[in-house]
Amino acid sequence: MLEMTDLVDLALLLFLAVLAITIAKQRNLFVVVIVMGFYSLVSAALFTVLDAVDVAFTEAAVGAGISTVIMLATLLMVGTEEKTPSQPRILPLLAVVVTGAFLVFGTLDMPHYGDPQAPIHQHVAPRYIEVSGDEIGVPNIVTSVLASYRGYDTLGETVVIFTAGVAVLMLMGQALRFRQRDGDA
Amino acid sequence: MFAATMAAVLVTMILALGRAVLGPTTYDRILGVNMAGTKTVLLIAVLGFLTGRPDFLDLALIYVFLNFIGTLAVLKFIEHGDLARNAGDGE
(Lines give C-alpha, C1' and ligand atoms only; values in the text may rest on other atoms or scores of the structure.)
Protein backbone atom coordinates (compact mmCIF):
# COMPACT_ATOMS: atom_id res chain seq x y z
CA MET A 1 0.00 0.00 0.00
CA LEU A 2 1.43 3.30 -1.09
CA GLU A 3 1.20 5.81 1.74
CA MET A 4 0.51 9.45 1.13
CA THR A 5 3.95 10.48 2.40
CA ASP A 6 5.57 8.04 -0.05
CA LEU A 7 3.58 9.70 -2.80
CA VAL A 8 4.86 13.10 -1.64
CA ASP A 9 8.44 11.77 -1.66
CA LEU A 10 7.97 10.41 -5.16
CA ALA A 11 6.42 13.62 -6.47
CA LEU A 12 9.16 15.80 -4.97
CA LEU A 13 11.95 13.57 -6.31
CA LEU A 14 10.31 13.68 -9.73
CA PHE A 15 10.21 17.49 -9.54
CA LEU A 16 13.92 17.51 -8.70
CA ALA A 17 14.71 15.35 -11.73
CA VAL A 18 12.68 17.54 -14.08
CA LEU A 19 14.28 20.71 -12.67
CA ALA A 20 17.79 19.27 -12.90
CA ILE A 21 17.28 18.36 -16.57
CA THR A 22 15.91 21.84 -17.22
CA ILE A 23 18.95 23.43 -15.58
CA ALA A 24 21.32 21.26 -17.61
CA LYS A 25 19.52 21.99 -20.88
CA GLN A 26 18.94 25.71 -20.41
CA ARG A 27 21.40 28.09 -22.05
CA ASN A 28 20.13 31.33 -20.55
CA LEU A 29 21.95 31.66 -17.22
CA PHE A 30 19.34 33.99 -15.75
CA VAL A 31 16.69 31.33 -16.25
CA VAL A 32 19.09 28.78 -14.76
CA VAL A 33 19.39 30.87 -11.59
CA ILE A 34 15.61 31.14 -11.27
CA VAL A 35 15.08 27.43 -11.80
CA MET A 36 17.86 26.69 -9.28
CA GLY A 37 15.88 28.66 -6.71
CA PHE A 38 12.94 26.38 -7.47
CA TYR A 39 15.23 23.35 -7.11
CA SER A 40 16.36 24.53 -3.67
CA LEU A 41 12.79 25.06 -2.51
CA VAL A 42 11.78 21.57 -3.58
CA SER A 43 14.81 19.96 -1.94
CA ALA A 44 14.11 21.94 1.24
CA ALA A 45 10.58 20.54 1.20
CA LEU A 46 12.04 17.08 0.67
CA PHE A 47 14.35 17.50 3.67
CA THR A 48 11.34 18.50 5.76
CA VAL A 49 9.54 15.36 4.63
CA LEU A 50 12.59 13.36 5.73
CA ASP A 51 12.42 15.03 9.19
CA ALA A 52 15.76 16.81 8.68
CA VAL A 53 14.30 20.18 9.61
CA ASP A 54 17.62 21.87 10.37
CA VAL A 55 19.00 20.86 6.98
CA ALA A 56 15.80 22.08 5.36
CA PHE A 57 16.20 25.40 7.13
CA THR A 58 19.73 25.82 5.86
CA GLU A 59 18.79 24.75 2.35
CA ALA A 60 15.98 27.29 2.21
CA ALA A 61 18.07 30.12 3.65
CA VAL A 62 21.27 29.46 1.71
CA GLY A 63 20.00 27.67 -1.40
CA ALA A 64 16.82 29.52 -2.20
CA GLY A 65 17.62 32.80 -0.48
CA ILE A 66 21.25 33.88 -0.48
CA SER A 67 22.58 31.86 -3.42
CA THR A 68 19.94 33.26 -5.75
CA VAL A 69 21.01 36.78 -4.86
CA ILE A 70 24.72 35.96 -5.09
CA MET A 71 24.22 34.20 -8.44
CA LEU A 72 22.36 37.24 -9.75
CA ALA A 73 25.19 39.49 -8.59
CA THR A 74 27.59 37.21 -10.48
CA LEU A 75 25.43 37.43 -13.60
CA LEU A 76 25.75 41.21 -13.43
CA MET A 77 29.46 40.76 -14.05
CA VAL A 78 29.53 37.90 -16.54
CA GLY A 79 26.34 38.41 -18.56
CA THR A 80 23.33 36.16 -18.85
CA GLU A 81 24.11 34.16 -21.97
CA GLU A 82 26.41 31.18 -22.08
CA LYS A 83 29.11 32.20 -24.54
CA THR A 84 30.19 28.86 -25.97
CA PRO A 85 27.39 26.31 -25.90
CA SER A 86 29.04 23.13 -24.72
CA GLN A 87 28.64 20.06 -26.86
CA PRO A 88 27.16 17.00 -25.20
CA ARG A 89 30.02 14.73 -24.21
CA ILE A 90 29.88 11.06 -23.39
CA LEU A 91 32.72 10.79 -20.85
CA PRO A 92 31.34 13.22 -18.19
CA LEU A 93 27.93 11.58 -18.49
CA LEU A 94 29.52 8.18 -18.01
CA ALA A 95 31.50 9.41 -14.98
CA VAL A 96 28.35 10.84 -13.38
CA VAL A 97 26.33 7.69 -14.04
CA VAL A 98 29.06 5.44 -12.62
CA THR A 99 29.50 7.64 -9.52
CA GLY A 100 25.74 7.74 -9.01
CA ALA A 101 25.53 3.97 -9.36
CA PHE A 102 28.25 3.58 -6.71
CA LEU A 103 26.40 5.94 -4.36
CA VAL A 104 23.16 4.01 -4.80
CA PHE A 105 25.09 0.78 -4.27
CA GLY A 106 26.48 2.29 -1.05
CA THR A 107 22.98 2.95 0.30
CA LEU A 108 22.17 -0.77 0.10
CA ASP A 109 24.27 -1.37 3.22
CA MET A 110 22.60 1.41 5.16
CA PRO A 111 19.82 0.66 7.64
CA HIS A 112 16.30 1.24 6.41
CA TYR A 113 14.91 4.76 6.78
CA GLY A 114 13.38 5.17 10.25
CA ASP A 115 14.69 1.82 11.49
CA PRO A 116 14.85 2.00 15.32
CA GLN A 117 17.63 -0.62 15.32
CA ALA A 118 19.93 1.56 13.19
CA PRO A 119 23.35 2.17 14.80
CA ILE A 120 22.69 5.90 15.03
CA HIS A 121 19.79 5.24 17.41
CA GLN A 122 21.75 2.72 19.50
CA HIS A 123 25.06 4.48 20.17
CA VAL A 124 24.76 7.61 22.34
CA ALA A 125 21.26 8.78 21.42
CA PRO A 126 19.49 6.93 24.28
CA ARG A 127 21.85 8.54 26.77
CA TYR A 128 21.17 12.00 25.35
CA ILE A 129 17.43 11.40 25.55
CA GLU A 130 17.52 10.01 29.07
CA VAL A 131 20.04 12.08 31.00
CA SER A 132 20.82 15.23 28.98
CA GLY A 133 18.07 17.12 30.82
CA ASP A 134 19.72 16.39 34.17
CA GLU A 135 23.32 16.65 32.97
CA ILE A 136 23.07 19.85 30.95
CA GLY A 137 19.83 21.40 32.08
CA VAL A 138 18.66 22.47 28.61
CA PRO A 139 15.18 21.27 27.63
CA ASN A 140 16.07 20.97 23.92
CA ILE A 141 18.20 17.86 23.36
CA VAL A 142 19.65 19.10 20.06
CA THR A 143 20.81 22.29 21.75
CA SER A 144 22.47 20.41 24.59
CA VAL A 145 24.24 18.11 22.12
CA LEU A 146 25.48 21.00 19.96
CA ALA A 147 26.38 23.40 22.71
CA SER A 148 27.67 21.05 25.39
CA TYR A 149 28.41 17.43 24.37
CA ARG A 150 29.92 18.60 21.11
CA GLY A 151 30.85 22.05 22.34
CA TYR A 152 34.43 21.99 21.02
CA ASP A 153 33.23 20.74 17.65
CA THR A 154 30.73 23.59 17.41
CA LEU A 155 33.37 26.08 18.53
CA GLY A 156 35.69 24.79 15.79
CA GLU A 157 32.99 25.18 13.16
CA THR A 158 32.25 28.70 14.33
CA VAL A 159 35.94 29.61 14.17
CA VAL A 160 36.17 28.26 10.60
CA ILE A 161 33.15 30.24 9.45
CA PHE A 162 34.28 33.37 11.27
CA THR A 163 37.74 33.12 9.68
CA ALA A 164 36.21 32.69 6.24
CA GLY A 165 33.97 35.70 6.80
CA VAL A 166 36.88 37.87 7.96
CA ALA A 167 38.98 36.79 4.98
CA VAL A 168 36.21 37.65 2.51
CA LEU A 169 35.64 41.01 4.18
CA MET A 170 39.36 41.80 4.03
CA LEU A 171 39.55 40.91 0.33
CA MET A 172 36.41 42.86 -0.56
CA GLY A 173 37.35 45.82 1.62
CA GLN A 174 40.67 46.01 -0.20
CA ALA A 175 38.91 46.08 -3.57
CA LEU A 176 36.54 48.79 -2.38
CA ARG A 177 39.42 50.94 -1.15
CA PHE A 178 41.17 50.68 -4.53
CA ARG A 179 37.99 51.64 -6.33
CA GLN A 180 37.52 54.69 -4.11
CA ARG A 181 41.09 55.80 -4.72
CA ASP A 182 40.60 55.43 -8.48
CA GLY A 183 37.41 57.46 -8.21
CA ASP A 184 39.24 60.28 -6.41
CA ALA A 185 42.07 60.44 -8.91
CA MET B 1 -8.97 14.98 4.17
CA PHE B 2 -5.35 16.10 4.56
CA ALA B 3 -4.39 13.56 1.91
CA ALA B 4 -6.78 15.20 -0.55
CA THR B 5 -5.36 18.62 0.31
CA MET B 6 -1.83 17.31 -0.17
CA ALA B 7 -2.77 15.87 -3.55
CA ALA B 8 -4.23 19.22 -4.58
CA VAL B 9 -1.07 21.05 -3.46
CA LEU B 10 1.09 18.60 -5.42
CA VAL B 11 -1.01 19.10 -8.54
CA THR B 12 -0.68 22.88 -8.30
CA MET B 13 3.06 22.40 -7.79
CA ILE B 14 3.17 20.41 -11.01
CA LEU B 15 1.39 23.25 -12.80
CA ALA B 16 3.81 25.83 -11.36
CA LEU B 17 6.71 23.57 -12.31
CA GLY B 18 5.42 23.41 -15.87
CA ARG B 19 5.22 27.18 -16.08
CA ALA B 20 8.72 27.61 -14.64
CA VAL B 21 10.27 25.00 -16.95
CA LEU B 22 8.45 25.83 -20.17
CA GLY B 23 8.55 29.60 -19.91
CA PRO B 24 8.30 31.10 -22.48
CA THR B 25 9.07 34.54 -21.03
CA THR B 26 11.17 35.26 -17.95
CA TYR B 27 8.14 36.63 -16.13
CA ASP B 28 6.31 33.33 -16.58
CA ARG B 29 9.22 31.57 -14.94
CA ILE B 30 9.41 34.03 -12.05
CA LEU B 31 5.68 33.63 -11.52
CA GLY B 32 6.07 29.86 -11.61
CA VAL B 33 8.89 29.87 -9.04
CA ASN B 34 7.07 32.31 -6.78
CA MET B 35 3.98 30.12 -6.99
CA ALA B 36 6.10 27.04 -6.24
CA GLY B 37 7.50 28.81 -3.17
CA THR B 38 4.00 29.45 -1.87
CA LYS B 39 3.07 25.84 -2.59
CA THR B 40 6.16 24.64 -0.73
CA VAL B 41 5.00 26.59 2.30
CA LEU B 42 1.55 24.99 2.02
CA LEU B 43 3.10 21.59 1.47
CA ILE B 44 5.13 21.81 4.67
CA ALA B 45 2.11 23.05 6.60
CA VAL B 46 -0.20 20.32 5.27
CA LEU B 47 2.50 17.69 5.74
CA GLY B 48 2.72 18.60 9.43
CA PHE B 49 -0.96 17.88 9.91
CA LEU B 50 -0.85 14.83 7.62
CA THR B 51 1.78 13.16 9.79
CA GLY B 52 0.15 14.43 13.00
CA ARG B 53 3.05 16.66 14.01
CA PRO B 54 2.36 20.28 13.09
CA ASP B 55 5.56 21.46 14.78
CA PHE B 56 7.25 22.76 11.68
CA LEU B 57 4.83 25.56 10.92
CA ASP B 58 7.42 28.19 11.82
CA LEU B 59 9.71 26.70 9.18
CA ALA B 60 6.95 27.39 6.66
CA LEU B 61 6.83 30.99 7.88
CA ILE B 62 10.56 31.42 7.22
CA TYR B 63 10.01 30.12 3.67
CA VAL B 64 7.39 32.81 3.11
CA PHE B 65 9.94 35.52 3.91
CA LEU B 66 12.69 33.92 1.84
CA ASN B 67 10.40 33.44 -1.12
CA PHE B 68 9.41 37.10 -0.96
CA ILE B 69 13.00 38.34 -0.74
CA GLY B 70 14.16 36.04 -3.53
CA THR B 71 11.41 37.23 -5.87
CA LEU B 72 12.18 40.82 -4.96
CA ALA B 73 15.87 40.34 -5.78
CA VAL B 74 15.11 38.75 -9.14
CA LEU B 75 12.65 41.47 -10.11
CA LYS B 76 15.08 44.19 -9.04
CA PHE B 77 17.73 42.57 -11.22
CA ILE B 78 15.42 42.71 -14.24
CA GLU B 79 14.23 46.24 -13.59
CA HIS B 80 17.54 47.93 -12.78
CA GLY B 81 20.15 45.42 -13.87
CA ASP B 82 21.52 45.94 -10.39
CA LEU B 83 20.82 44.69 -6.89
CA ALA B 84 21.94 47.44 -4.57
CA ARG B 85 21.05 50.74 -6.21
CA ASN B 86 18.73 53.16 -4.46
CA ALA B 87 15.69 54.53 -6.26
CA GLY B 88 16.91 58.16 -6.24
CA ASP B 89 20.48 57.18 -7.14
CA GLY B 90 20.56 58.22 -10.79
CA GLU B 91 24.16 57.97 -11.95
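**Reading cores, interface and surface**

A: Let us begin with a single residue: in this predicted model, B:Leu43 touches A:Leu12, A:Ala45, B:Met6, B:Val9, B:Leu10 and B:Met13, leaving aside residues up to four places away in sequence.

Q: Which residues have the most contacts inside the largest nonpolar core?

A: A nonpolar core is a set of buried nonpolar residues joined through side-chain atoms within 4.5 Å. Here the largest such core holds 36 residues, and A:Leu12, A:Phe38, A:Val42, A:Leu72, B:Met6 and B:Leu43 have the most contacts inside it. Two or more residues each come from helix 1 (4–25), helix 2 (29–49) and helix 3 (53–78) of chain A, and likewise from helix 1 (2–22), helix 2 (26–50) and helix 3 (57–80) of chain B. Helix 2 of chain A supplies the largest share, 10 residues. Another core, of 10 residues, lies apart from it and includes A:Ala44, B:Ile44, B:Ala60 and B:Leu66.

Q: How much area do chain B and chain A bury between them?

A: Buried area is what two parts lose in accessible area on being put together, summed over both. For chain B and chain A the figure is about 3,000 Å², with 88% of it on carbon and sulfur atoms. The contact draws 37 residues from chain B and 35 residues from chain A. Zero salt bridges are found across this interface.

Q: What does the fold of chain B consist of?

A: Chain B has three helices and zero strands, in the order α-α-α from the N terminus. Of its 91 residues, 38% are buried. Among the contacts in chain B with a separation of 6 or more, 48% join residues 24 or more positions apart. The accessible surface of chain B is about 5,100 Å², and carbon and sulfur atoms account for 68% of that.

Q: Is A:Leu91 buried or exposed?

A: Residues count as exposed over 50% relative accessible area. A:Leu91 is exposed because its relative accessible area is 67%; its place is in helix 4 (residues 90–107) of chain A. Together with A:Ile90, A:Leu94, A:Val98, A:Phe102, A:Phe105 and A:Leu108, A:Leu91 makes a nonpolar surface patch of about 830 Å².

Q: How does one class A:Met36, and what does this residue touch?

A: A:Met36, in helix 2 of chain A, is partly exposed, since its relative accessibility is 31%. Not counting residues up to four places away in sequence, A:Met36 touches A:Ile23 and A:Met71. From A:Met36 to A:Val142 the separation is 106 residues in sequence and 30 Å in space, C-alpha to C-alpha.

Notes. Residues numbered from 1 in each chain as written. Chains lettered and ligands numbered in written order. Predicted model: local features only at pLDDT ≥ 70, side-chain atom pairs only at ≥ 80, totals over all residues. Heavy atoms only, no water. Patch = residues over 30% accessible without salt bridge, like charges linked within 9 Å, V, L, I, M, F, W, Y side chains within 5 Å. Areas by Shrake-Rupley, 256 points an atom, 1.4 Å probe, with all protein chains shown as cover. Salt bridge = Lys/Arg side-chain N within 4 Å of Asp/Glu carboxyl O. Helix = DSSP H or I, 4+ residues; strand = E, 2+ residues; numbered from the N terminus. Buried < 20%, exposed > 50% of the residue type's maximum accessible area, 1.4 Å probe, protein only. Contact = heavy atoms within 4.5 Å. Buried area = accessible area lost by both parts, 1.4 Å probe.
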